Amino acid sequence: MEEDPTFPHLGESSQPLPRACPSRCSCPRADTVDCAGLDLRVFPDNITRATQHLSLQNNQLQELPYNELSRLRGLRTLNLHHNLLSSEGLPDEAFESLTQLEHIYVANNKLSVAPQFLPRSIRVVDLAANQVMEIFPLTFGEKPALRSVYLHNNQLANTGLPLDAFRGSEAVATLSLSSNRLRYLPPSLPPSLERLHLQNNFISKVPRGALGRHRHLRELYLQHNKLTDSGLDNSTFSKLHSLEYLDLSHNQLGSVPAGLPGNLAVLHLGRNRIRQVEGARLRGARGLRYLLLQHNELGPSGLPTGALRPLRGLHTLHLYGNGLDRVPQALPRRLRALVLPHNHVAALGARDLAATPRLLELNLAYNLLTSARVHRRAFRRLRALHSLDLAGNQLTQLPSGLPVTLHSLRLQRNRLRALEPEPLAGLVQLREFSVAHNGLRVGDIEPGTWHELQALQVLDLSHNQLSFVPPDLPETLEELHLQGNRIGHIGSEAFLSTPRLRALFLRANRLHMTSISAEAFLGLPHLRVVDTAGNPEQVLVRLPPKATRAPRAGGS
């Protein structure tokens, strides 16, 4: 994410308050004048020469008078965000005499070119969200203290950025050029850079050697461009020895880039056109922790066995929205999160997950899994698993051998025919359980199903065919979703087993004014929300003190 510049903290001053302050402005300290948000159309007069911090953001200034500004030779911070300043209203010499100026913020104005001269003392420059088409050599050049430059959301093309734009400015750490009109990565960027934002441009090429000197670069953002394999070469990223985060998502790459540096921790390649992951191209990136490959074109052979084995420290593998027909084999043993929804996985064998015993999260939602093709020992090796998402498959029964470490189990939008105690036995740490959208009836829930779910807090039974509240729900339950069922009556004992209930959702059932017993909620001292909207009649319920009843949609 882009680093947002902030107005520097203004410490307490021992100086006395100024004798005069511009009309309508405030002067909380001797060195500070705040004229923000006053709809000013002209530069305020009577600003004391002692002013070091001047805030003029959120006004309607169209020009800066040189004579007024040049008096403020001690100015260190000038905030002009959100005005109507054009380049014509900003004299070339406007900031020349401000030899102490360190922070200047001119974002969200109407500048078409950058200021020609900024003082050597400048540290932070924000020109974002203007219409800047041209930078000059001394806008940012010869600025030894310059650390951060923000030029995103402008109209800069490569021709508007001179080769010597940063000559003599050897401390620049952050440069944001995102959302401009660049067609290739600009050469001669400061070698001191640590963060470089180039997303949302038209970049199709990184010229050879353009990043060869940037040994301090830690974050590089190139997403939402036009990069293809031919726009990169084997050395494009190889010299970036400090690089930790590389975002190449939303481009047109057909393969994983070569020459990835060993210090890289996060590689984002989502929404490209990658058809196969070549293991050889990842061997150099042995420090990789997060590999994101969602929405590519990986088919059944797109991730060959062992391709990711060199990535011994890999924590998260994201493969959402590809065409894989099985869980990738020989994955790194230390993998903690495997995200595989919206693929074509149709089976889970006994050893398909054996290579990843440390998994904490497994997401296989919206695949083609059937109960007949999920082996009863498929999850046996996952002795640390906390979250299992099997939603949107074709399962007709609860999987066997679920890890007793589970905290969250999602099985909504399957074809479950029954809920039985045996598959849920031992899940004493389970906190969230969803079986919504399965067509379940109360008779499909066998007695004792909830018996061992001693930590369950959230239960989602919504959008089934339940005709009444299932009995013997877990005592620990705090949130119960029953919306979208066929419940037509709630008796006085419906919630006797759930005294800790805080939120109850009964929306879109078949409840009438007389459907709910007056005593149904009396034993629920923690109940705070009851949603009964969308029933045939507006349902009025007697709640404990402080509870909130969600109104019926369209009701009075």
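**Entry 1, pairing.** I numbered the bonded cysteines of the protein chain in sequence order and got the pairing 1-3, 2-4. My search of the whole structure turned up two disulfides, a disulfide being a pair of cysteine sulfur atoms within 2.5 Å.

I'm working on a predicted model, where local features need pLDDT of at least 70, side-chain atom pairs count only at pLDDT 80 or more, and totals for chains, interfaces and linings use all residues. Residues are numbered from 1 along each chain as its sequence is written, and side-chain values use heavy atoms, with hydrogens and water left out.

The link is right-handed, with 85 degrees about the S-S bond. Next I checked burial (buried is under 20% relative accessible area, exposed over 50%, partly exposed in between, with a 1.4 Å probe and protein chains only). Cys21 comes out partly exposed at 29% relative accessibility, while Cys27 is buried at 14%.

Cys25 sits in the segment before strand 1 (26-29) and Cys35 in the loop between strand 2 (32-34) and strand 3 (53-55), so the pair ties together parts ten residues apart in sequence. Strands here are DSSP runs (E, at least two residues), numbered from the N terminus. Both ends are buried: Cys25 has a relative accessible area of 13%, and Cys35 has 0%.

Technical notes:
Helix = DSSP H or I, 4+ residues; strand = E, 2+ residues; numbered from the N terminus.
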